[in-house]
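User: I'd like to go through the pockets and surface contacts of this protein with you. Can you take my questions one at a time?

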Amino acid sequence: MVVSAPAVVVAPVANVYEENADLGTLLTPAQRSELSQNTLSQFPVWGVVVLHIVTLGLFSLIYQGLKFSKLPKAKHDDFGADKAIGFSFIPYFNLYWHFVFWLGLTDRLNFQHRVRGGAPPISRGLVLATVITTLAGAFLIIPLPVAYLILQPMCLAQMQRATNEVAMAPA
């Protein structure tokens with residue numbers, strides 16, 4: 001059973017997910033409070049990495065995808081877990097969706113830290129490099145072991161650490 005995050009609080013027109021966006025001026029204190037509400041839960045970082053490797057990435061797709069419905073929607077085009085996971089199975093479209101999924105999750109988790117006054121813990125550049133390497137590996141085979149055994153676990157570890165910190169933090 002998936003418990004959905006609190007109601008949607010649409011932020012002003014500016015992209016609140018950008019690292020250089022000043023949340024102090026873009027959001028009211030009430031919006032900041034509402035946007036810090038989530039239903040994330042803790043899970044061991046090592047467990048995420050091991051299950052990713054054992055399930056050939058299927059665990060990561062589903063587990064990380066479910067986070068989209070556990071995080072508040074700060075923008076009108078934010079999507080939930082159903083769209084995040086479902087669109088990943090559409091042939092050819094999933095090549096584009098891979099970028100939207102992983103960079104979107106990175107932005108939303110980093111936003112949770114920023115709305116609480118912290119620094120973004122997930123490297124967006126590393127996530128982007130991982131997505132590119134993974135997709136290149138699907139066609140060239142050579143970068144696939146690097147992506148699957150090194151880059152993806154590094155990104156997943158960063159994401160799970162960030163998730164655990166947000167799950168433990170007061171809203």
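This is a predicted model: local features need pLDDT of at least 70, side-chain atom pairs count only at pLDDT 80 or more; totals for chains, interfaces and linings use all residues.

User: How much space lies in the second largest pocket?
Analyst: The lining of this pocket counts 15 residues, with D77, D78, F79, V100 and G104 nearest its centre. For the second largest pocket, the space comes to about 240 Å³.

User: Which helix gives the largest share of the lining of the second largest pocket?
Analyst: By class, that lining divides into seven nonpolar, two polar and six charged residues. The largest share is seven residues, and they come from α6.

User: And how many charged residues are in the lining of the largest pocket?
Analyst: The largest pocket holds about 610 Å³ of space. It is lined by 26 residues, and closest to its centre are G57, H98, W102, T134 and Q152. Helices α4, α6, α7 and α8 each bring at least two residues to the lining. Sorted by class, the lining has 17 nonpolar residues, nine polar ones and, as for charged residues, no such residue.

User: Is M154 buried or partly exposed?
Analyst: Buried would need under 20% relative accessible area, and exposed over 50%. M154 has 40% relative accessibility, so it counts as partly exposed.

User: What about salt bridges: which residue pairs with R124?
Analyst: The structure holds two salt bridges. One of them links K75 and D77, with the closest N and O atoms 4.0 Å apart. In the other, N to O is 2.7 Å, and the side chain of R124 meets that of D107.

User: How many residues apart in sequence are the parts that R124 and D107 tie together?
Analyst: The salt bridge is between the side chains of R124 and D107. R124 sits in helix α7 and D107 in helix α6, so the parts tied together are apart in sequence by 17 residues.

How values were computed:
Residues are numbered from 1 along each chain as its sequence is written. Side-chain values use heavy atoms; hydrogens and water are left out. On a 1 Å grid over the protein atoms alone, a cavity is a set of points where a 1.4 Å probe fits but cannot get out, and a pocket is an open set with protein on both sides within 12 Å along at least five of seven lines; lining residues have an atom within 4 Å of a point. Grid points are joined across faces, edges and corners, and a volume is the space filled by probe spheres set on the points. Helices (H or I, at least four residues) and strands (E, at least two) are DSSP runs, numbered from the N terminus. Ala, Val, Leu, Ile, Met, Phe, Trp, Tyr, Cys and Pro count as nonpolar, Asp, Glu, Lys and Arg as charged, and the others, Gly among them, as polar. Buried means under 20% relative accessible area, exposed over 50%, partly exposed in between (1.4 Å probe, protein chains only).
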